[in-house]
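This briefing is intended for a reader new to the structure below. Please keep the sequence and the model in view while reading.

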Amino acid sequence: MSYIKTPTNGMNDYLPEEAKLREYVLRQIKDTYSDFGFMLIETPSVEHIENLTSKQGGENEKLIFKILKRGEKLLNANISEDIDSLVDGGLRYDLTVPLARYYSNNIGKLPTPFKALQIGNVWRADRPQKGRYRQFTQCDIDILGDSSILSEIELVSSTGSILAKLGFSGAVIRINDRRILRAMAQKSGFSEEDFDKVFIILDKLDKIGLDGVKKEFEKSGYDASNIEGYCAWFEKDAKPKTASEFFGNKLEGYLEPEIIKNIDSVLSSVNIVSGGDFSVIFDPTLVRGMAYYTGTIFEASLPGTNLSVGGGGRYDKMIGNFTGNEAPACGFSIGFERIIGLLTENGFVVPESKEKIAFLVDSSIETNKLCEMFEEVKKLRESGINVMITSRNKNAKFQKDVLRKSGYEEFREFF
């Protein structure tokens with residue numbers, strides 16, 4: 001058997017400069033979210049298979065890295081019944097399902113509402129391609145135990161703030177509500193059993209346009225009057241400033257007025273907080289694919305990129321699956337890997353907070369000189385300077401060029 005030096009397909013090694021950028025961004029995210037009152041937690045990478053296959057993760061449930069039972073449990077499993085009888089766990093495909101389990105298990109030890117910050121790797125057995133990995137980092141914030149719109153306002157405000165802090169000026173966060181989507185589909189004549197398929201087609205609007213959406217509906221065999229009625233909602237040229245402006249009283253009898261009012265309250269509140277660094281808009285075409293969303297949904301994008309860099313929403317029923325009692329929950333996940341990719345493409349350089357000096361030491365140095373050097377190193381480090389000690393290479397010029405890429409500008413050589 002030969003060893004393989006490359007990473008497992010869909011997973012990455014990170015060189016020092018890449019790891020440095022990732023750590024810098026993580027630190028900015030943690031600091032910003034902490035300033036908004038979110039508390040850092042950790043959950044295991046491995047989850048119970050029952051939790052991961054509870055029909056709450058949508059398509060992600062098809063991408064689970066499953067873990068075999070061990071020892072006697074594996075030997076006693078009946079493989080003839082079902083291949084899944086060999087499995088009792090899996091690598092988490094997101095951080096939301098583990099959070100719901102964590103909160104349900106620890107609710108008596110946590111404040112109410114609870115503002116959680118969770119950062120960690122997740123795994124999906126997806127087909128690897130550019131920007132899509134099998135192991136990647138997620139950064140989630142969630143507010144549990146609060147049904148008020150303060151949750152939405154805080155989640156959107158803090159996420160917009162971190163995007164601005166990382167240099168992405170002009171970020172746009174779109175907001176909608178799954179209940180609004182349902183009301184629009186219902187008024188247009190679609191049956192409730194067709195809602196999910198209707199939303200999947202609508203979600204393609206940005207890629208195939210309204211004419212393409214109509215053709216998709218026609219191929220699916222839906223009634224022409226339903227298609228025309230539904231697509232008429234999206235024929236307006238300008239994006240509405242508020243949900244009230246878009247709907248008026250057209251959804252009366254299909255939707256509680258409070259839902260539209262809440263959307264508008266979030267818009268006005270966040271746009272005050274943003275100070276122009278980012279904006280939040282109502283978008284009646286926003287769908288979000290996760291099956292567990294029950295109310296407000298949002299998605300962050302950057303101008304000129306046509307890329308989503310985060311998304312989330314309200315999932316008020318998930319915790320009840322663990323406890324038997326529904327509990328309000330709302331979260332936002334920032335697209336860490338996509339942000340890293342954009343910063344790298346833009347040539348972002350991590351700012352240095354400390355002076356950095358490299359000591360290059362020749363192998364022939366005498367012990368007394370070595371001791372003198374370490375006395376100097378000790379004083380420099382105590383004064384807050386970053387000092388690297390390393391052997392001096394024969395090609396010292398090339399060695400210095402490489403170290404400069406890591407921020408070392410001053411070099412002291414010892415022989």
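The second largest pocket holds about 260 Å³ of space. A pocket here is an open set of points, on a 1 Å grid over the protein atoms alone, where a 1.4 Å probe fits, with protein on both sides within 12 Å along at least five of seven lines; its lining residues have an atom within 4 Å of a point. Grid points are joined across faces, edges and corners, and the volume is the space filled by probe spheres set on them. The model is predicted: local features need pLDDT of at least 70 and side-chain atom pairs pLDDT 80 or more, whereas totals for chains, interfaces and linings use all residues. Residues are numbered from 1 along each chain as its sequence is written, and side-chain values use heavy atoms, leaving out hydrogens and water.

- Of the 17 lining residues, Ser147, Arg179, Asn262, Thr296 and Arg314 are the closest to the centre of the second largest pocket.
- Helix H11 (residues 257-274) gives the largest share of this lining, five residues; helices (H or I, at least four residues) and strands (E, at least two) are DSSP runs numbered from the N terminus.
- The lining comprises seven charged, six polar and four nonpolar residues, where Asp, Glu, Lys and Arg count as charged, Ala, Val, Leu, Ile, Met, Phe, Trp, Tyr, Cys and Pro as nonpolar, and the others, Gly among them, as polar.

**Overall chain**
- The chain has 15 helices and 14 strands, and its C-alpha trace spans about 90 × 60 × 45 Å along the principal axes.
- Of the 415 residues, 45% are buried, meaning under 20% relative accessible area (1.4 Å probe, protein chains only), with exposed over 50% and partly exposed in between.

**Nonpolar cores**
- A nonpolar core is a set of buried Ala, Val, Leu, Ile, Met, Phe, Trp, Tyr and Cys residues joined through side-chain atoms within 4.5 Å.
- The largest has 95 residues, and Val25, Ile29, Phe217, Tyr230, Phe247 and Ile339 have the most contacts inside it; contact means heavy atoms within 4.5 Å.
- Another core, of ten residues, lies apart from it and includes Val361 and Met373.

- Ten of the eleven residues of H4 are buried, including Arg101 and Asn106.
- Their cover includes strand S5, strand S6 (135-144) and helix H12 (320-323).
- Pro113 lies in the loop between helix H4 (96-106) and strand S5 (114-123).
- Thr112 and Pro113 are joined by a cis peptide bond, with omega about -5°.
- Most peptide bonds are trans.
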